[in-house]
Amino acid sequence: MIRQVAIHHRENSFSDRWIAYCESQGIQYKVVNCLDSDIIKQLRSSDALLWHWSHGDPREQLIARSVIMAAETMDLKVFPSTSTCWYFDDKIAQKYLLDAIGAPVVPTYVFYDLKEALRWIDRASFPKVFKLRKGAGSSNVKLAHSATEARALAERAFSSGFSPVPHYGQDALKRYRTARRKGDLLNVVKRVPKVLAKIRDNRNMIGREKGYIYFQDFIPGNDFDTRVTIIGDRAFAYTRNVRPGDFRASGSGDVVYDRSRIKKKCLEVAFEVTRKVGSQSMAFDFLAGEQQQSFILEVSYGYIPHLVHSCPGYWDSRLNWYEGHVWPQDAILIDLLNDLDLSRK
């Protein structure tokens with residue numbers, strides 16, 4: 001059965017491996033540009049679309065969900081599907097989604113009126129975690145230690161607002177820490193001009209976040225969080241140690257592949273939520289509550305593929321263990337092709 005897969009190619013994205021897999025397996029594909037005005041015309045000869053769209057590209061943020069929904073209307077099999085990505089890089093959307101299905105999410109509070117937010121702050125206990133709806137790797141995440149700090153954040157949220165793009169210094173510090181850990185400082189220095197230009201352009205293109213305030217309960221006593229990535233009937237999991245002198249684990253880069261650290265409950269919740277949402281792939285950040293409950297912090301369809309590949313194996317939904325490394329891009333493509341074949345029977 002002849003199938004043609006359309007792939008939006010962006011260097012250093014999932015598309016690198018999707019293209020390599022298609023070529024090695026003799027799968028017919030064509031490269032498309034989902035940002036082209038005639039993208040729908042480009043897709044008419046294809047059966048499926050793969051687009052690893054990024055939260056860091058303002059153009060893709062603007063149009064990805066619309067193109068994906070249009071492709072689904074054409075009966076194409078798409079990754080990520082609308083059910084997989086509509087809440088991507090939007091923590092407010094994730095709150096409502098997780099609340100709707102009764103998932104064990106960290107208690108989260110969102111306000112769209114300053115007076116209402118201030119009344120809540122006067123009654124709340126602290127510390128609380130402040131977040132913008134956009135951002136990854138713990139960017140745009142702060143700890144409000146007191147009501148005074150929370151009020152200052154709220155007043156700014158309903159006036160000048162916040163830029164969701166990390167400022168130059170914050171980005172440089174993150175890159176320095178990562179490069180020092182990998183022994184790659186020279187290459188980071190060489191990329192500085194290009195990185196600075198991208199940050200400047202993104203700050204100009206992406207509007208400021210304002211008109212809402214978002215808080216989560218602070219859950220103390222966690223030395224690490226747990227990242228569970230579901231792809232089809234596979235669960236990959238590892239933990240990330242909290243940064244020294246910080247409360248955040250996401251973005252720390254201190255990853256531990258120790259199966260004894262992975263709670264069975266995290267895997268069960270991740271599979272159940274993914275099924276209820278109807279997602280093809282879903283990455284979860286879990287924290288342990290004071291009674292050792294497993295709470296979801298955030299969810300995403302995007303993740304760093306080599307961290308998933310480095311897992312020594314994966315669990316299926318019955319929690320059977322399968323030894324061996326798997327590239328997540330391969331698993332995504334295999335599932336999409338299987339889904340395409342089933343739809344044709």
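Contact here means heavy atoms within 4.5 Å. This is a predicted model, in which local features need pLDDT of at least 70 and side-chain atom pairs count only at pLDDT 80 or more, while totals for chains, interfaces and linings use all residues. Residues are numbered from 1 along each chain as its sequence is written, and side-chain values use heavy atoms, with hydrogens and water left out.

**View 1. Four strands form an open, parallel sheet in the order S2-S1-S3-S4.** Strands are DSSP runs of E, at least two residues, and helices are runs of H or I, at least four, numbered from the N terminus; strands pair if DSSP finds at least two bridges between them. At the edges you will find S2 (28–32) and S4 (77–79), each pairing on one side only. Look for Leu50, whose bridge partner in S4 is Phe79.

**View 2. Helix H1 (residues 15–25) lies across S1 (4–8), S2, S3 and S4.** H1 runs at about 155° to S1; axes are lines fitted to C-alpha atoms, for helices over the stretch in contact, and angles run from 0 to 180 degrees between N-to-C directions. Helix H12 (residues 328–344) packs on the sheet too, touching S1, S3 and S4.

**View 3. Phe130 of strand S6 (residues 128–131) stands opposite Lys142 in S7.** On S8, Phe130 faces Phe215. S6 pairs antiparallel with S7 (residues 141–144) over four bridges, and three bridges join S6 to S8 (residues 213–217), also antiparallel.

**View 4. Asn140 lies in the loop between S6 and S7.** Asn140 counts as buried because its relative accessibility is 12% (buried is under 20% relative accessible area, exposed over 50%, partly exposed in between; 1.4 Å probe, protein chains only). Its side chain reaches the backbone oxygen of Pro164 at 2.9 Å.

Methods: A polar contact is a pair of N or O atoms within 3.5 Å; within protein, one must be able to donate a hydrogen and the other to accept it, and residues adjacent in sequence count only if both atoms are side-chain atoms.
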